[in-house]
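Here is a short briefing on one predicted model. Please read the points below alongside the sequence and the 3D view.

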Amino acid sequence: MTYGPIVRIILRYLVGAAFMGSQAIGDQLAADPDLVAVGSLIIGALVEAYYAWAKRRGGAT
């Protein structure tokens, strides 16, 4: 069984939980939707870049 897709899903949920776990972070994100957009773009790009790297090495399905 390949674990690559499962790990990607788990990482996405962990990042979401980390952002929602703090009241101060939640207040700041609620006040600045541009910050949310940029953060989401960066996190998504990192996850997808890692997936592309793993796929080239034969570790992703």
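Buried residues make up 8% of the 61 residues in the chain. Buried means under 20% relative accessible area, exposed means over 50%, and partly exposed lies in between (1.4 Å probe, protein chains only). This is a predicted model: local features need pLDDT of at least 70, side-chain atom pairs count only at pLDDT 80 or more, and totals for chains, interfaces and linings use all residues. Residues are numbered from 1 along each chain as its sequence is written, and side-chain values use heavy atoms, without hydrogens and water.

**Fold**
- The chain has three helices and zero strands. Helices (H or I, at least four residues) and strands (E, at least two) are DSSP runs, numbered from the N terminus.
- The order from the N terminus is α-α-α.

**Surface**
- The accessible surface of the chain is about 4900 Å². Carbon and sulfur atoms hold 69% of that surface. Areas come from the Shrake-Rupley method with a 1.4 Å probe; for residues, only the protein chains shown count as cover.
- Tyr3, Ile6, Val7, Ile10, Leu11 and Leu14 form a nonpolar surface patch with about 550 Å² of accessible area together. Patch residues have over 30% relative accessible area and no salt bridge; nonpolar side chains (Val, Leu, Ile, Met, Phe, Trp, Tyr) are joined within 5 Å, like charges within 9 Å. A salt bridge is a side-chain nitrogen of Lys or Arg within 4 Å of a carboxyl oxygen of Asp or Glu.
- Ile10 lies in helix H1 (residues 4-20). Ile10 has a relative accessible area of 45%, so it is partly exposed.

**Helix H3**
- Tyr50 and Trp53 both lie in H3 (residues 33-56), three residues apart, about one turn of the helix.
- Trp53 is partly exposed, at 40% relative accessible area.
- Val47, Tyr51 and Ala54 are buried in H3.
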